[in-house]
Every structure is written in structure tokens, then in C-alpha cells.
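Here is a short tour for anyone who likes to keep the model open while reading. Please have the structure in view as we go from one region to the next.

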Amino acid sequence: MFLIVCVSVFVLSQVYPFIQNMLSASRASLWGVVTAVFVHSSYSHLAYNMTSLFLFIFIITFCCSTVRKVMKKKIESYLFVTTFSFAIISNVLWVALTPNPSVGASGLVYAMQGSLAGLTLFNGLPLLNFSKLKAQSPSVVTNIALSLLVFTVTFIMILTSPESFLNIGQGVNSIAHGVSFLLALCLTTPWCFIEKISLG
């Protein structure tokens, strides 16, 4: 559904360019802190954000494939609410701190990646308890190992090249990238502990 809305808005904005300005996050259009996530400046911008978003959703789904059905519903609801909330919060900060307009779903993308990092960190922690690990099924052990690998790769990317990770550049809403990622990461792992999310 989100993809359909983004593609529809992009097509309309190519025909009617004023739509992009009207829906962007800026001081002239305060509602844009919400609507900007559906707007993209170019085809490549749209394609990159949608590909990244659905890639992270796929990895989360795969890493949590052995979670009980009730828990999966909780995770889905959590991700839906928090990713949109963090994207909006980061857009609010962008508008407050800069005079430039901003469009794109990158706040959602980085919030999803932050949630992925938090979930995979939590899911990978059972590797520290070898006695409990032995009692798990092979599929659960595989998901634990995969989760730890995903978190480790993300952590290495941040440490070795933070500028590339945050995609820092002229005209890029790096605030949305960093703030959304950090909020999601810092909230997701504690949330998993509170909700007692379990792979097995």
C-alpha cells in the first residue's frame, strides 16, 4: 500500500510539480513533516528508498521467521507505529533546524534499519547462553546466528564509515537518517525485553 501511494504521488508530482513543494517538509508547509515521506524528488530517489525499505522488511521477516504468530503480530504493529513516528519526529527536527525543504521516505528506511539492528541484537543474544542454545531447534539456532551476523555487519558499517552509512551529502536530510536510526535502535531492544520476544 505504501509503495502504491509513493508511486502515485511521484507520478502526480511529475505532471504537477507544485505537489512536491506542497507536500515537502518545510516551514512553509508544516503538514509536510507527515506527507514528505510519500514524496520523492526523482525516480532513482524513489527506487532506492523503496528497495531499501522492503529489503529491511524482508530481512526482519526472515530473522523472525520462527517467532510465534502472536509475537509476529506484535512486531508488525510495533514496526508500523514506530517507523512512521520516528520519520515524523526526524522531519520535525529538520524543519526546526534548517530552512531547506525535505522529501523522501529515508526517515522510514533508517527507522526500519534501526529496528532491524535492535531486533537482531536481541535475537543474537542467546548465543551467549550455550546451555540454553543446545535445547533450541536447528531453525532457531540458524535465525540466532543470522541475527547476530546482520547486527555485526550493521555495526561494522557504522564504525568504519559513518558518513557513508548516513549518506551524508549536500541536500540530503541526514538528520532524518541519524535520528530515525538511533531512536529505533534505542527503543527496539528494550521493547523486545519488555515484550519477551522469543525466536523459539
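In what follows, contact means heavy atoms within 4.5 Å. Please keep in mind that this is a predicted model.

## The nonpolar core

Let's begin inside. The largest nonpolar core has 28 residues, and those with the most contacts inside it are Phe2, Ile60, Ile75 and Ile197. Two or more residues of this core come from each of helix 1 (2–15), helix 4 (43–63), helix 5 (69–97), helix 6 (106–124) and helix 10 (174–195). In soluble globular proteins, nonpolar side chains tend to be buried together.

Which residues does phenylalanine 2 contact, once neighbours within four places in sequence are left aside? They are Val37, Phe38, Met50, Leu53, Phe84, Ala105 and Leu108.

## Helix 4 and methionine 50

Methionine 50 belongs to helix 4. Is methionine 50 buried or exposed? It counts as buried because its relative accessibility is 5%, and the cut-off for buried is under 20%. Not counting residues up to four places away in sequence, methionine 50 touches Phe2, Leu3, Cys6, His40 and Ala105. Methionine 50 and glycine 104 are 54 residues apart in sequence, with 10.0 Å between their C-alpha atoms.

Helix 10 has 22 residues and spans 31 Å from its first C-alpha to its last, close to the 32 Å expected at 1.5 Å a residue. Among its buried residues are His177, Phe181, Thr188, Trp191 and Cys192. Just after helix 10, lysine 196 takes a positive phi of about 55 degrees.

How many salt bridges does a search of the whole structure find? The search finds one. Glutamate 195 pairs with lysine 74 in a salt bridge, where the closest N and O atoms are 2.8 Å apart. This pair links distant parts of the chain, with glutamate 195 in helix 10 and lysine 74 in helix 5, 121 residues apart. Side chains of opposite charge can pair when their charged atoms come close. Glutamate 195 is partly exposed, at 24% relative accessible area, and lysine 74 is also partly exposed, at 34% relative accessibility.

## The largest pocket

Now for the open space. The largest pocket holds about 500 Å³ of space. Its lining is made of 18 residues, and Ile57, Glu76, Leu79, Phe80 and Met112 lie nearest its centre.

Helix 1, helix 4, helix 5 and helix 6 each supply at least two residues of this lining. Which helix gives the largest share of the lining of the largest pocket? Helix 5 does, with seven residues.

## Glycine 32

One last stop is glycine 32, found in helix 3 (residues 32–35). Glycine 32 counts as buried because its relative accessibility is 0%. Leaving aside neighbours within four places in sequence, glycine 32 is in contact with Leu23, Ser24, Ala25 and Asn91. Along the chain, glycine 32 and asparagine 91 are 59 residues apart, yet their C-alpha atoms are separated by 8.2 Å.

Methods: Residues are numbered from 1 along each chain as its sequence is written. This is a predicted model: local features need pLDDT of at least 70, side-chain atom pairs count only at pLDDT 80 or more; totals for chains, interfaces and linings use all residues. Side-chain values use heavy atoms; hydrogens and water are left out. A nonpolar core is a set of buried Ala, Val, Leu, Ile, Met, Phe, Trp, Tyr and Cys residues joined through side-chain atoms within 4.5 Å. Buried means under 20% relative accessible area, exposed over 50%, partly exposed in between (1.4 Å probe, protein chains only). Helices (H or I, at least four residues) and strands (E, at least two) are DSSP runs, numbered from the N terminus. A salt bridge is a side-chain nitrogen of Lys or Arg within 4 Å of a carboxyl oxygen of Asp or Glu. On a 1 Å grid over the protein atoms alone, a cavity is a set of points where a 1.4 Å probe fits but cannot get out, and a pocket is an open set with protein on both sides within 12 Å along at least five of seven lines; lining residues have an atom within 4 Å of a point. Grid points are joined across faces, edges and corners, and a volume is the space filled by probe spheres set on the points. The expected span of a helix is 1.5 Å times one less than its number of residues.
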